[in-house]
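Please look over the sequence and the model shown below before reading on. The briefing that follows takes up selected residues, the pockets and the overall build in turn.

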Amino acid sequence: MLYELSEREIARQRLATGMVFQRFNLFPHKTALENVVEGPIQVLKIERKQTEAAARELLTRVGLTHKCDAYPIELSGGQQQRVAIARALAMKPTLMLFDEPTSALDPELVGEVLAVMRDLARTGMTMVVVTHELGFAREVASRVLFMDQGQVIESGPPEQILGSPTQSRTRGFISAVLS
């Protein structure tokens, strides 16, 4: 049953959801560390010292310990995306949304981001990922939905949808992506 949420309920749900975009959306005038601490300090009102310690741990988790003081322009696309992941995780979400997180990356950098996402999956993070990385989806997904023009065409376990799709549109897409 559908019902309308109050503004307060919407805000509470947004706080529990982390979002990683295609284009990183980092603050260009802030270092990697400053990008990660901004949300917890401004929104969650956590003291700077505590937030910085947690941010350093997150940057270490995504393999960027040595880049805390680097500005986005000094980082590769893969590094920027990993800072964006750390920034989203700093808000302690229960759900992470990824909108084509590797689409803006050079092929050599895709693996760096997917490795971080694999680690999140292993630790039990609930994720909704929009991706063309079919091997990654097959490896980490518990459920795959194939959508076309805003409609769910097919859904099920990754082995079924990516291995033996029943819909011609799904088969055509997989064939095009894998060729």
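**A buried threonine and its setting**

Threonine 51 has a relative accessibility of 5% and therefore counts as buried, a word used here for residues under 20% relative accessible area, with exposed meaning over 50% and partly exposed in between, computed with a 1.4 Å probe on protein chains only. The model is a predicted one, in which local features need pLDDT of at least 70 and side-chain atom pairs count only at pLDDT 80 or more, whereas totals for chains, interfaces and linings use all residues. Residues are numbered from 1 along each chain as its sequence is written, and side-chain values use heavy atoms, with hydrogens and water left out.

**Threonine 51**

- Threonine 51 belongs to helix α3, which covers residues 48-61; helices (H or I, at least four residues) and strands (E, at least two) are DSSP runs numbered from the N terminus.
- Not counting residues up to four places away in sequence, threonine 51 touches Val37, Pro40, Ile41 and Ile46, where contact means heavy atoms within 4.5 Å.
- Threonine 51 and alanine 70 are 19 residues apart along the chain, and their C-alpha atoms are separated by 18 Å.

**The loop between β1 and α2**

- Lysine 30 is located in the loop that runs between β1 (17-20) and α2 (32-42), and its side chain is joined to that of glutamate 38 by a polar contact of 3.4 Å.
- A polar contact is a pair of N or O atoms within 3.5 Å; within protein, one must be able to donate a hydrogen and the other to accept it, and residues adjacent in sequence count only if both atoms are side-chain atoms.
- Leaving aside residues up to four places away in sequence, lysine 30 touches Asn35, Glu38, Tyr71 and Pro72.
- Phenylalanine 24 lies in the loop between β1 and α2, and because its relative accessibility is 8% it counts as buried.
- Asparagine 25 also lies in the loop between β1 and α2, but with 43% relative accessibility it counts as partly exposed.
- Most residues other than glycine have a negative phi. Phenylalanine 24, however, has a positive phi near 65 degrees, and asparagine 25 has a positive phi near 55 degrees.

**Threonine 102**

- Threonine 102 is placed in the loop between β2 (95-99) and α5 (107-122), where it is buried, with a relative accessible area of 6%.
- The side chain of threonine 102 makes a polar contact of 3.5 Å with the side chain of glutamate 133.
- Glutamate 133 is also among the residues that threonine 102 touches, together with Val110, Val113 and Leu114, not counting residues up to four places away in sequence.

**Pockets**

- The largest pocket has a volume of about 810 Å³; on a 1 Å grid over the protein atoms alone, a cavity is a set of points where a 1.4 Å probe fits but cannot get out, a pocket is an open set with protein on both sides within 12 Å along at least five of seven lines, and lining residues have an atom within 4 Å of a point.
- Grid points are joined across faces, edges and corners, and a volume is the space filled by probe spheres set on the points.
- The lining of the largest pocket is made up of 28 residues, and those nearest its centre are Val129, Val130, Thr131, Val144 and Leu145.
- At least two lining residues of the largest pocket come from each of β3 (126-130), α6 (134-140), β4 (144-148), α7 (158-163) and α8 (168-178), and β4 gives the most, with five.
- The second largest pocket has a volume of about 340 Å³, and of the 16 residues that line it, Met19, Gly39, Arg87, Ala88 and Met91 are the closest to its centre.

- The protein has eight helices and five strands, and its C-alpha trace spans about 55 × 45 × 25 Å along the principal axes.
- Of the 179 residues of the protein, 39% count as buried.
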